[in-house]
Amino acid sequence: EIWKKGDIHTNNWKSPTFYMNLWEDELSGCGWDLAKEIYALMKPILEEWSGERLKPVSLYGIRIYKEGSILSPHADRHPLITSAIMNIDQDTDEDWPLEIYGR
C-alpha cells in the first residue's frame, strides 16, 4: 500500500501495510456485487446501533496490518457519520484496542 509522504495514519515506514481494493471487478468475487452484499449485511446492524437511517457512502477495502503496525487515533472524514471495521482474521498475541467516540 502506498501512503503519501508524511502520512502518519500508520507507521508504514517501519511496518508496511497491504491493501486489497474491493472495487477491482477482475478479482474473483469482488466489485460492485461484493460491495452490495457487505452493505446489505452491515446496514441493519449499523442502523440499530446508531439509531439512524443510513445511506451507504463508502466501502474502502481490506487492509492487512503486520506485527509492529500502528494505526494512529483518527476521525473518519465527512460524510462518514457511522463507520464500521470488519475484522476478517486475526493472529495476534493481544487484541488491538478500539475506542469509539461521539455515539
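Modeller: Let's start with Glu47, which has a relative accessibility of 21% and counts as partly exposed.

Colleague: Why is Glu47 called partly exposed?

Modeller: Buried means under 20% relative accessible area, exposed means over 50%, and partly exposed is in between, with a 1.4 Å probe and protein chains only. Glu47 comes out at 21%, so partly exposed is the label. Bear in mind that this is a predicted model, where local features need pLDDT of at least 70 and side-chain atom pairs count only at pLDDT 80 or more, while totals for chains, interfaces and linings use all residues. Residues are numbered from 1 along each chain as its sequence is written, and side-chain values use heavy atoms, with hydrogens and water left out.

Colleague: What does Glu47 pair with in a salt bridge?

Modeller: With Lys43: their side chains meet at 3.6 Å, N to O. A salt bridge is a side-chain nitrogen of Lys or Arg within 4 Å of a carboxyl oxygen of Asp or Glu, so a Lys and a Glu at 3.6 Å qualify. Both residues lie in helix α1, 4 residues apart, which is about one turn of the helix. Lys43 has a relative accessible area of 31%, so Lys43 is partly exposed.

Colleague: Why would such side chains pair in general?

Modeller: Because side chains of opposite charge can pair when their charged atoms come close.

Colleague: How many salt bridges does the structure hold?

Modeller: There are 2. Lys36 and Asp33 meet in a salt bridge too, at 3.7 Å, N to O. Those two are 3 residues apart in helix α1 (residues 32-50), so about one helical turn separates them. Lys36 is partly exposed at 41%, whereas Asp33 is exposed at 52%.

Colleague: What makes something a helix or a strand here?

Modeller: Both are DSSP runs, numbered from the N terminus: helices are H or I with at least four residues, and strands are E with at least two. The protein comes to 1 helix and 2 strands, and from the N terminus on the order is β-α-β.

Colleague: Which residues form the nonpolar patch on the surface?

Modeller: Phe18, Met20, Leu27, Ile62 and Ile64, with about 380 Å² of accessible area together. Areas here come from the Shrake-Rupley method with a 1.4 Å probe, and for residues only the protein chains shown count as cover. Strands β1 (18-20) and β2 (62-64) each supply at least two residues of the patch.

Colleague: Is Thr17 buried or exposed, and how do you know?

Modeller: Buried: the relative accessible area is 1%, so the value is under the 20% limit. Thr17 is found in the segment before β1. Leaving aside residues up to four places away in sequence, Thr17 touches Glu1, Trp3, Thr10, Arg63, Ile64 and Tyr65. Contact means heavy atoms within 4.5 Å.

Colleague: How about Lys5, buried or exposed?

Modeller: Exposed, because Lys5 has 87% relative accessibility. Lys5 is also in the segment before β1.

Colleague: What share of the protein is buried?

Modeller: Buried residues make up 17% of the 103 residues. The accessible surface of the protein comes to about 9000 Å², with 55% belonging to carbon and sulfur atoms.

How values were computed: Patches are made of residues with over 30% relative accessible area and no salt bridge: like charges are joined within 9 Å, nonpolar side chains (Val, Leu, Ile, Met, Phe, Trp, Tyr) within 5 Å.
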